[in-house]
Amino acid sequence: MKRKLLTVLCFVLVAAWLSGCASMQTSKKVPYRLTPQGTVVWEDEFEFMPPSPDWKLLRVEAGENDINFGFMRSDPGPFPSVTTFAYDEDPFGCTAASFEGREREFFKRFLFNAILQFQILNRKKVQVVGGEGLAVLVEGKDPVKKEKVRAKVVFGKRGDRIVGFYITQWRPMDGSYDLSAFDVFDKFVASFKFLKKSFYETL
Amino acid sequence: MEGHQRNLYLYDRFNARVVGVSRDDVTTLKYWANGLGITFPLLSNITAFLGAYFDIQPEGKPIFGRRTVIIDKTGIIRYVRDGSPDFKDILLFLKKLNQEGGKP
């Protein structure tokens, strides 16, 4: 009788332990939701039109100079054929007074590790996130690694601060760019809205 | 450091001042600050004196990692965090400290 009681007690304890383990599993909260209009609402803060599903969501832990989120696609062709675009709440640089000033600061550090020779292909004023902005199209080349990148950076304003969007498309030096990815990026940027004031505006 | 530079107007709002500390020499810091557009003071701490002074020099390690320290107006250390600065956390702390009347 005593042995039976002990067996039952052990079973109850094991069951309790297992249920405890099950309850310790936390459900991973997805930071976005889809709207009936096909847009994505990200953390109730941003709304945008997402790219097609062949673009993978890219998210980096928050920290100094880290992007909020973006999308990435592996392109056909040899390394480093890949395209990435992202929204950045705090793009490189400090100046908030002018887009041109920020652009100069930004390109001192943009893709800094790659040590590229950048050439500005186009620079123009644009409308972005409900106000004036600046779009800069550049191409960078690495003659040593025989790689190149085509990138577009769009600066806009959120409150007193400058925010940025950028796309980079890497290719081998003799590869050709897929400009349709830049259209996807432009649609993403054009659809981008702030749904509430930024953290900095609420201080 | 760029993040602190971007937040200077907010630090002003909360009566806070920022000072950077680095193990680099003065010439390197001048060049670096000029390149990044840093306007707040940077202290050259080549002998690690400040690390020892604030008791944040890890034992047996020749260098110290990134650390954010907030000191109030009476000289009391009120905030210490290791790693890359969490600017939102820092700003919220400074706002709270300013509201308490304990200007950093």
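In the predicted model, nine residue pairs are in polar contact across the interface of chain B and chain A, both residues of each pair having a pLDDT of 80 or more. On the side of chain B that touches chain A, at least two residues are supplied by each of α1 (2–6), α2 (8–13), α3 (26–36) and α5 (87–100). The most is given by α5(B), with five residues. Sorted by class, this side of chain B consists of nine nonpolar, five polar and six charged residues.

Two salt bridges are counted between chain B and chain A. Glu2(B) forms a salt bridge with Arg109(A), in which the closest N and O atoms lie 2.7 Å apart.

The extent of the interface was also computed. The size of an interface is often given as the accessible area lost when the parts come together. For chain B and chain A, about 1600 Å² is buried between the two, and carbon and sulfur atoms account for 53% of this area. Within chain B, the residues that lose the most area to chain A are Glu2(B), Arg6(B) and Lys88(B), which together make up 38% of what that side buries. In terms of residues, the contact takes 16 from chain A and 20 from chain B.

Chain A was then examined by itself. Its secondary structure comprises three helices and eleven strands, arranged along the sequence in the pattern α-β-β-β-β-β-β-α-β-β-β-β-α-β. Chain A has 203 residues, of which 45% count as buried. When contacts in chain A between residues at least 6 apart in sequence are considered, 50% join residues at least 24 apart.

The confidence of the prediction for chain A is given by an average pLDDT of 85, with 82% of the residues scoring at least 70. Over residues 5–25 of chain A, the pLDDT is below 50, and this stretch has zero contacts in the model beyond near neighbours in sequence.

One position towards the end of the strand and helix pattern was considered individually. Leu179(A) is located in the loop that lies between β10 (161–172) and α3 (180–191) of chain A. Leu179(A) has a relative accessible area of 45%, and because this value falls between the 20% and 50% cut-offs, the residue is classed as partly exposed.

Key: Residues numbered from 1 in each chain as written. Chains lettered and ligands numbered in written order. Predicted model: local features only at pLDDT ≥ 70, side-chain atom pairs only at ≥ 80, totals over all residues. Heavy atoms only, no water. Helix = DSSP H or I, 4+ residues; strand = E, 2+ residues; numbered from the N terminus. Buried < 20%, exposed > 50% of the residue type's maximum accessible area, 1.4 Å probe, protein only. Contact = heavy atoms within 4.5 Å. Buried area = accessible area lost by both parts, 1.4 Å probe. Salt bridge = Lys/Arg side-chain N within 4 Å of Asp/Glu carboxyl O. Polar contact = N/O pair within 3.5 Å; in protein donor to acceptor, adjacent residues only side chain to side chain. Nonpolar A, V, L, I, M, F, W, Y, C, P; charged D, E, K, R; others polar. pLDDT = per-residue confidence, 0-100.
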